[in-house]
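This briefing is meant to be read with the coordinates open.

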Amino acid sequence: MALTEKHFKKIVDKLVSLKDTSELMIDLAYSSLFLNSRALAEEVEALENHIDDMHTEFELLVLSSGFKPEESKDFLGLIRLGVVTEKIADAAMEIADVVLRGLEPHPILRLVIEEAEETVTRVTVSKTSPLVGKKIREAQIPEETGMWVLVIRRGNWWLRPRPDTVIKAGDVLIASGYAEGEADFETLATGVKPQTNEES
Amino acid sequence: MADSDKIEYKPISVREALTEMKDDSEIMIDLAYSSALFNSHELAEEVLELEKRVDYLAYIIDMSTMLAARDAEDAEHLTAVISVAAATNKISDAAADIASIVLKDIGIHPIVRKAFEQVEEQLARAIVKPNSILVNKKLDDLELAAKIGVDVIAIRRHREWTIDPDEKEMILEGDVLIARGAPHGVDELKALAAGKLRKLE
């Protein structure tokens, strides 16, 4: 049984996801530490569970590809690369764990981190939000709210925001920025203006 | 570590050591994947060199944090520093694992190359031709990161590698650049290096 084109593509896709996810996890883990953000650390934790499953699927795909004995070195290389992404993901989780354990960062870590004035917030995009259907570029979130989208969670997928990424209802946007922008950001994502005391 | 050199305590600040470790480990991952992608033993060896440096820094951090603990409460806070340093060290170990795959000729399946065409952060190798506009320009004058979203992570000149080149580094004719960035950005860099694209904006 030779490796079919479909099987080949499946392995490629899985390896792409493993690599991208492990690197996203490192970025989010350091960010969670620097911003002392539980919300981000929790995302890393969710990604850790997700990548474990992906890694198993990847290994099963590789092992079931029907390779010939003379190809086994190449396939061993694939398995090892998968293990590496898993190891990177574990390391990211250990960093996020520091935040999740709620350890007060030592003054030394604070120095590395520098005093973060920024905050991290998580908001679900509602159906009525003006963001729905817009590309990140068009949404102008930083201009409107002073907050930057770090990552978008869509069901079981985590996307790095790209200028062309289209925002959908139900997306969870995780953003950082100055605390003053938080309310504006929530308004934008939920499409609901916060209650004010002003009478019109 | 390949050879167990005696580690001597030196008063590098933990802050400096941790920052350097973080930067090194991140560049190691990119270099290691590049070594696999371009099947370069030399790059893989550079990764292992960096690994030694990171191991050394990890020891320095361990020693410094031990010296910094005055009481139980201090020790508790310092465990966070040690955990982060250990995790960062693990990332560099992972990079070294990739380098070992290359150095031991375990094999890079065509699937790997195909996958690297689809990942978010792309890696590229570009040879600087004599007619390229990059020739005799300093990295900080080119502003590649700002203009095309690409970072040059290593330069090979003759047999010498410069890893994570300084901003003052001048690009010369014949240099081999290893870079990472968004797909369209690395394509632009390749065209610039080949002399096919004459404008950088």
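What follows is a short account, grouped by topic, of a predicted model.

The mean pLDDT of chain A is 86, and 88% of its residues reach 70 or more. Chain A holds seven helices and four strands, and 31 residues of chain B are in contact with 35 residues of chain A.

**Chain A: make-up and confidence**

- From the N terminus on, the elements of chain A follow the order α-α-α-α-β-α-α-β-β-β-α.
- Among these elements, helix α3 of chain A (residues 72-100) has the highest mean pLDDT, 95, whereas helix α4 of chain A (residues 107-113) has the lowest, 62.
- Where pLDDT is low, the predicted coordinates should not be read in detail.
- Of the 200 residues of chain A, 43% count as buried.
- Considering the contacts in chain A with a separation of 6 or more, 80% are accounted for by residues 24 or more positions apart.

**Chain A: two domains**

- Chain A is divided into domain 1, covering 5-108, and domain 2, covering 117-190, and the centres of these two domains, taken over C-alpha atoms, are separated by 24 Å.
- Eleven residues from domain 1 of chain A and ten residues from domain 2 of chain A take part in the contact between them.
- On the side of domain 1 of chain A that touches domain 2 of chain A, the elements giving two or more residues are α1 (5-34) and α2 (38-63) of chain A, and the largest share, five residues, comes from α2(A).
- By class, that side of domain 1 of chain A has six nonpolar, four polar and one charged residues.

**Chain B: a four-stranded sheet**

- In chain B, four strands form an open sheet in the order β1-β6-β3-β4, with antiparallel pairing.
- Its edge strands are β1 (122-127) and β4 (160-163) of chain B, each of which pairs on one side only.
- On average, and with direction ignored, neighbouring strands of this sheet are turned by 20° against each other.
- Strand β3 of chain B (residues 150-157) runs antiparallel to β4(B) and is joined to β4(B) by four bridges, and B:R156 stands opposite B:W161 in β4(B).
- Helix α7 of chain B (residues 183-193) packs on the sheet, where it touches β1, β3 and β6 (176-181) of chain B, and the direction of this helix makes about 5° with that of β1(B).

- On the side of chain B that touches chain A, at least two residues each are supplied by α1 (14-37), α3 (72-103) and α4 (110-116) of chain B.
- The largest share of that side, 15 residues, comes from α3(B).
- The residues of the side of chain B that touches chain A divide into 18 nonpolar, seven polar and six charged.

**Positive phi outside glycine**

- A:Q140 is not a glycine, yet has a positive phi of about 50°; this residue is found in the loop between α5 (136-139) and α6 (141-145) of chain A.
- A:Q140 counts as exposed because it has 12 C-beta neighbours inside 10 Å.
- In chain B, B:E143 likewise has a positive phi of about 50° although it is not a glycine, and its place is in the loop between α5 (139-142) and α6 (144-148) of chain B.
- With 11 other C-beta atoms within 10 Å, B:E143 is exposed.

Notes. Residues numbered from 1 in each chain as written. Chains lettered and ligands numbered in written order. Predicted model: local features only at pLDDT ≥ 70, side-chain atom pairs only at ≥ 80, totals over all residues. Contact = placed C-beta atoms within 7 Å. Nonpolar A, V, L, I, M, F, W, Y, C, P; charged D, E, K, R; others polar. Domains from an automatic or database assignment. Pairing = 2+ DSSP bridges. Axes fitted to C-alpha atoms, helices over the stretch in contact; angles between N-to-C directions. pLDDT = per-residue confidence, 0-100. Buried ≥ 20, exposed ≤ 12 C-beta atoms within 10 Å, placed from the backbone.
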